[in-house]
Amino acid sequence: MAMTSPTRLAPGDSAPDFALLTDAGETLSLKELRGRKVVLYAYPKAMTPGCTKQACDFRDSLASLQAAGYEVVGISPDSPTALAKFRDRDAITFPLVSDPDKAVLTAYGAYGEKQSYGRTITGVIRSTFVIDEEGRIERALYNVKATGHVAKLRRDLGLD
């Protein structure tokens, strides 16, 4: 059976709620972050070159994002143990959440068919979601690049 492309979120949509384990072994839910703006970014695999670059870019921009009222959360299918290793190795200073069954990634349209080196594969679609204080999607960016994405996001949010 052929897979259909995932449902994509659009500005104004309600952000799908979640309660997932973090790199620290605690549960983080989107409801806990209500009243704050959230940058939720989906990445394929901890400790791979592109995902490390992207996480470090978010880490290096965290102070200015937080000063503008944004919380950053990374989401991947990695286990909390793998996420803790990633956090420790690269001094990641924001929560990383584990979605091993990919249900949340799928709800956000960040898991499904994608192109990789000319082949169609099923996996995490590198994506970023800006969620407003009421839990609505402000921006849904799919197929983003690992390198340069955070700088572009900062410009788009008017931070640079």
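Some ground rules. Residues are numbered from 1 along each chain as its sequence is written, and side-chain values use heavy atoms, with hydrogens and water left out. Because the model is predicted, local features need pLDDT of at least 70 and side-chain atom pairs count only at pLDDT 80 or more, while totals for chains, interfaces and linings use all residues.

I start with the cores. A nonpolar core here is a set of buried Ala, Val, Leu, Ile, Met, Phe, Trp, Tyr and Cys residues joined through side-chain atoms within 4.5 Å. Buried means under 20% relative accessible area, exposed means over 50%, and partly exposed is in between, with a 1.4 Å probe and protein chains only. The largest such core has 24 residues, and Leu40, Ile75, Tyr108, Phe129, Ile131 and Ile137 have the most contacts inside it. At least two residues each come from β3 (37-42), β4 (70-76), α3 (103-107), β8 (127-131) and β9 (137-142). Those labels are DSSP runs numbered from the N terminus: helices are H or I with at least four residues, strands are E with at least two. There is also a second, separate core of 20 residues, which includes Ala55, Phe58, Leu65 and Leu157.

Ile75 sits in strand β4, and it counts as buried because its relative accessibility is 2%. Contact means heavy atoms within 4.5 Å. Setting aside residues up to four places away in sequence, Ile75 touches Leu20, Leu40, Tyr41, Ala42, Tyr43, Val97, Asp99, Val104 and Leu105. From Ile75 to Thr128 it is 53 residues in sequence, and 9.9 Å in space between C-alpha atoms.

Now the helices. How do α1 and α2 cross? The axes of α1 (residues 49-67) and α2 (residues 80-90) come within 11 Å and cross at roughly 60°. Axes are lines fitted to C-alpha atoms, for helices over the stretch in contact, and angles run from 0 to 180 degrees between N-to-C directions. So α1 is oblique to α2; angles under 35 degrees count as roughly parallel, over 145 as roughly antiparallel, 65 to 115 as roughly perpendicular, and the rest as oblique. On the α1 side the contact is made by Cys51, Thr52, Ala55, Cys56 and Arg59, and on the α2 side by Phe86, Arg89 and Asp90.

Within α2, the buried residues are Ala82, Leu83, Ala84, Phe86 and Asp90. Their cover includes α1, β4 and β5 (96-98). Ala91 follows α2 and has a positive phi, near 50°.

The other partner of α1 to mention is α4. Here the angle is about 30° and the axes are 9 Å apart, so α1 is roughly parallel to α4. Gln54, Asp57, Phe58, Ser61, Ser64 and Leu65 of α1 meet His149, Val150, Leu153 and Arg154 of α4.

Is His149 buried or exposed? His149 is in helix α4 (residues 149-156), and at 6% relative accessibility it counts as buried. Beyond its neighbours within four places in sequence, His149 is in contact with Gln54, Phe58, Thr128, Leu141 and Val144.

Last, two loop residues. Met47, in the loop between β3 and α1, has a positive phi near 70° without being glycine, and is partly exposed at 31%. Tyr117, in the loop between β6 (111-116) and β7 (119-124), has a positive phi of about 50°; at 84% relative accessibility, Tyr117 counts as exposed.
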